[in-house]
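Take a walk through this fold, one part at a time. Keep the structure open beside the text.

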Amino acid sequence: MNAFTELKKIIEANNSFLLMTHVNPDPDALGSELAFYSILKKLGKQVRVVNHSATPYNLEFMDEEKIIEKFDAEKHSELFAQVDVCVILDLNNAGRVVKMESGLRSFKGLKVCIDHHQDPEDIFDLIVGGTEYSATGEILFRFIKETKIAELDSFIANQLYVAIMTDTGSFRFERTTPEVHQMIAELISYGINPPEVYDKVYNQFNFGRVKLLGEALSTMQLDSTKQIAYMIVTKEMLERNETSEADVDGFVNYCLTIAGVEIGILFYELKDGIKISFRSKGEIAVNKLAAEFNGGGHRNASGSRLFNVTIDSIKEKVITTTQKYLNN
Ligand code: 5GP
Ligand code: MN
């Protein structure tokens, strides 16, 4: 039985579902959760969507009905005990649900993972997807089409469109195939206005974000090979510009706009540690690089979160390790 058929069977055989996604959710994460929520609701299921992180302010437009809840250990103490199936979307590693990790790991019901990252953790009863998909939203589109589990409608189409548009870098990354464009053509036919969606996602930031970007760009440096560019965002910079983690999304890509640079790194200071984002061109596998620092991701976009570590204490080691991944 293929994974889509198995997923359909699990849906039919169970009544209550808990959906969750990764820390600092992106539009693919949120759109996939909301589209899957809508499919399950159409089938009369009980569904809750609970995330470790609050929805980033610029993506609140995706969840007008405020379906998504932010995890609260007190309020949600019985959460996992109340559901038959846990579904994690757009991640494949329980650590990425942070405060919900222990609940997920000890969950007694069925654990389903719908995702397009490499090397899923071995804790799931069913894994749906794979690295051949451009976005988790694409997996859901194919699932709907192949199993006819529910009708596409404008809500689901909007969620999947945003998911796929953003995870393909607005249709420019490697997995932007003719099939992806055909899928997008069908989604647009549900009444989507592409310039309007793009504007909502990318042109509605706070003024502080642009000031922060300016400061972050001023920290940019090249390593001795001039093939690695790196930049820093500290807590102090974030606070001074009245910005948050969601505002930093995308900054690292500027590293790759410099001729000759093959790998970009962003060091970002968290409350209790740091986050490192890696981006690369071509065949350079920064998911392997991130794995050396307890992280993961895709070949050309990956990240790590390290707790109780400072940027100063690890920066040189990260750059030296990164140099091993350069082609020459
Ligand atoms: P970003 O740098 O945009 O936060 O993350 C880029 C990609 O790296 C994400 O899509 C995700 O696949 C992966 N990623 C980011 N942070 C982590 C992490 O802490 N652990 C793992 N396993 N993957 C991460
Ligand atoms: Mn994704």
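In this predicted model, six strands make up an open sheet. Read across it, and the order is β3-β2-β1-β4-β5-β6, with parallel pairing. Strands of a sheet pair through backbone hydrogen bonds, and the pairing can be parallel or antiparallel. Which strands stand at the edges? They are β3 (68-70) and β6 (126-129). Each has a single partner strand, so one side of each is left without a neighbour in the sheet. The sheet also twists: the average is 25 degrees from one strand to the next.

Now look at one end of that order. Strand β5 spans residues 110-115 and runs parallel to β6. Four bridges join the two.

Helices come next. Helix α2, residues 27-42, packs on the sheet. The strands that α2 touches are β1 (16-21), β2 (46-51), β3, β4 (85-89) and β5. Its direction makes about 170 degrees with that of β1. Helix α4 covers residues 136-147. This helix lies across β4, β5 and β6. It runs at about 110 degrees to β5.

Turn to the aromatic rings. A pair of such rings is described by the distance of the centres and the angle of the planes. How many aromatic pairs are there? The count comes to five. One of the pairs is Y198 with Y202. Their centres are 4.9 Å apart, and 45 degrees lie between the planes, so the pair counts as tilted, a class that falls between 30 and 60 degrees. Both tyrosines belong to helix α7, residues 194-202. They are four residues apart, about one turn of the helix.

The charged end of R209 sits over the ring of F205. It lies 3.8 Å from the ring centre.

Last, the cysteines. A disulfide is a covalent bond between the sulfur atoms of two cysteines. How many disulfides does the whole structure hold? A search finds zero. Take C113 as a case: its closest cysteine sulfur is in C86, 12 Å away. That is too far for a bond, because the cut-off is 2.5 Å. C113 is buried, at 0% relative accessibility. C255 is also buried, with a value of 0%.

Terms used
Residues are numbered from 1 along each chain as its sequence is written. Chains are lettered from A and ligands numbered from 1 in the order in which they are written. This is a predicted model: local features need pLDDT of at least 70, side-chain atom pairs count only at pLDDT 80 or more; totals for chains, interfaces and linings use all residues. Side-chain values use heavy atoms; hydrogens and water are left out. Buried means under 20% relative accessible area, exposed over 50%, partly exposed in between (1.4 Å probe, protein chains only). Two strands pair if DSSP finds at least two bridges between them. Axes are lines fitted to C-alpha atoms, for helices over the stretch in contact, and angles run from 0 to 180 degrees between N-to-C directions. Contact means heavy atoms within 4.5 Å. Rings of Phe, Tyr and Trp (its six-membered ring) pair if their centres lie within 6.5 Å; planes under 30 degrees apart count as stacked, over 60 as edge-to-face and the rest as tilted. A charge sits over a ring if NZ of Lys or CZ of Arg is within 6 Å of the ring centre and within 35 degrees of the ring normal.
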